[in-house]
Amino acid sequence: MKNRMTSMTKASKDNLGTILMLVAAFVIVEILRAAGLVNAHMDGMLVPICVYATMAVSLNLVVGILGELSLGHAGFMCVGAFASAFFSKCFENSMGVFPRFLLAILIGGIVAGIFGFLIGIPVLRLNGDYLAIVTLAFGEIIKNLVNVLYVGRDSAGLHFSIKDQASLGLMEDGEMIIAGPQGITGTPFNSNFVVGFLILLISTIVVLNLINSREGRAIMAIRDNRIAAGSVGIPITRYKMFAFTLSAVIAGCAGALYSHNLSSLIATPARFGYNMSILFLVFVVLGGIGSTRGSIIAAVILTLIPEVLRFMADYRMLIYAIILIVMMIVNWNPKSRAFIQAHSVGKIFGKKKTAKSGKEGA
Amino acid sequence: MVSFINYLINGLSLGSIYAIIAIGYTMVYGIAKMLNFAHGDVIMVGAYIAFSVITTAHLPVACGVLAAIFGCMLIGICIEKIAYKPLRHAGSSLAVLITAIGVSYFLQNVALLIFSSNPKMFTPIIPMTMMTIQFGVFRVQTISLVSITVSIVLVLLLQLFINKTRPGQAMLACAQDRGAASLMGISVNGTISLTFAIGSAMAGIAGVLLCSAYPTLSPYTGAMPGIKAFVAAVFGGIGSIPGAMIGGLLLGVIEIMGKTYISSQLSDAIVFAVLIIVLLVRPTGLLGKKVQEKV
């Protein structure tokens, strides 16, 4: 076996950098917390930051690596959130906290993955614009369905309905688990920063490893030229499906983390709607499409900024919109690209220019 | 039976509004080869312009409608020039799509800042005394008849424009082959601007009609009808104007029937299920042609 450190490629050094960055950030935050320098409000932001960063990793896999636009990622997060919260509610008193939460996260990921797979069957035969709109449609359908779903439990077992609470026919000892538009209340508070960080770290490692594997290269070949990739024998649909399902699994785990941090889980548009999916897209675009590290950094910064700059609250969404438009035009307009290439920092310091664009998948 | 026919007319009325929006989508898709995600929000802008002119400034209804049409036309051209034109030769459909989403989000949030998120009550363009018309046992909303008539007239005019006039022929040429069209002396930029102008003007009309039929107006009014109209355009076969009309009408009827007979909360889900079925069974839509992709 060759010595791994010496034969490390530039890509794996980059990956190690990303992982070290995450670990360093985690250690710094833990030290600050131990020293009591993190106020309660900021402390409460830590889990959401992990959720959003994980969602950014997940969406970056679809947008940056697979090269397709998914506008329904909030829907996968919603599925993961509800599936895991449902599980936790069902087994609230019959299992220890640790195994239950671990299983809940796995279930959130798996159920979201199943949804991703099922949705992928019709969706991944499509490309580009169609795929974007169908994933958007799916996100909305999932939100709609969750809002009409009633599940209750009594001594006779589980009862399902999509009409109302009364039609469940629960007995005296019954309790509601999912109450339609009221969602799930009383999910145990199991999420904490350590778990959130681990989910983020594992997702990042999985995605980075994928990018540098044979499968990852196949997926990126499909992104860069679908027809050419098909003609050298890459099974396009299978790889697209694989990346899409994996992305859904990660989103589901993030959803599980999210739901165990809320006292009442409701599928409101603000939480799981189209706007949320757009927010994740803003993370990916601002971080540099295809760059996992960039997506995570953008997610953290954009989640913290509104907290720091409260006076800008009204203009936040407007700024996101402008970020999307300006980033795209600056990065993709042939003239501005030529300008950036000619005046880049590397050029000024006399370094050789290697990367063509932010698409290398660091 | 009477109620069924009433639902059918409601469906056709909603469907004709979808059809007008879908035509805008389909024209832009056919000629500029991009999905103008912001099209739905242009509807909302049109409705707000009409609202400001009619309700706030107390000007006649005709002024409001004209202001909406020309305002939307202007906005459509500006969007194209500022946001989409720089990316026309970028060679990345993903970049264009994300920009379009950004524009859509931008319009929504500008409307949110100007008009706040509180819904406004839109004054219907039909006078109160003529809200409904009695045909024997049927009582029909006037706005339904107006919507259906307007959409039919617009489709006929548009077909005439495209097939009989020089700018219309230029549009067809650009849709077929942009490079060859420019070699024939057609101004491609001008033609694309014209397409956006026509599509956006129609979105303005759709905005007025939509808010006359469903009079609450908020910054998110346009988003859902916009997406559904895209479904209609795909249903009919993207790029085809008669297809957009048929797709729009069918989708309107499906939505109202689904709302009435299946579940009112799931009506959006039903519409999107239609999209998925169409894409699975006949991805080119009802009137679309299959195009082989080339390397």
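**View 1. The contact between chain B and chain A in a predicted model.** Chain B gives 34 residues and chain A gives 36 residues to the contact, where two residues are in contact if their C-beta atoms, placed from the backbone, lie within 7 Å. On the side of chain B that touches chain A, two or more residues come from each of helix H4 (93-115), helix H9 (223-236) and helix H11 (267-281) of chain B. H4(B) supplies the largest share, 14 residues. By class, this side of chain B has 25 nonpolar, seven polar and two charged residues (nonpolar: Ala, Val, Leu, Ile, Met, Phe, Trp, Tyr, Cys and Pro; charged: Asp, Glu, Lys and Arg; polar: the others, Gly among them). Local features need pLDDT of at least 70 and side-chain atom pairs pLDDT 80 or more, while totals for chains, interfaces and linings use all residues. Residues are numbered from 1 along each chain as its sequence is written, and chains are lettered from A in the order in which they are written.

**View 2. Helices H2 and H9 of chain A.** The axes of H2(A) (residues 40-66) and H9(A) (residues 236-259) come within 9 Å and cross at roughly 170° (lines fitted to C-alpha atoms over the stretch in contact; angles from 0 to 180 degrees between N-to-C directions). The two helices are therefore roughly antiparallel, the term for angles over 145 degrees. Residues making the contact include A:Val47, A:Val51 and A:Leu61 of H2(A) and A:Phe244, A:Ile250 and A:Leu257 of H9(A). The contact comprises 18 nonpolar, three polar and one charged residues.

**View 3. Elements of chain B.** Chain B contains eleven helices and four strands, taken as DSSP runs (helices H or I, at least four residues; strands E, at least two) numbered from the N terminus.

How values were computed:
Angles under 35 degrees count as roughly parallel, over 145 as roughly antiparallel, 65 to 115 as roughly perpendicular and the rest as oblique.
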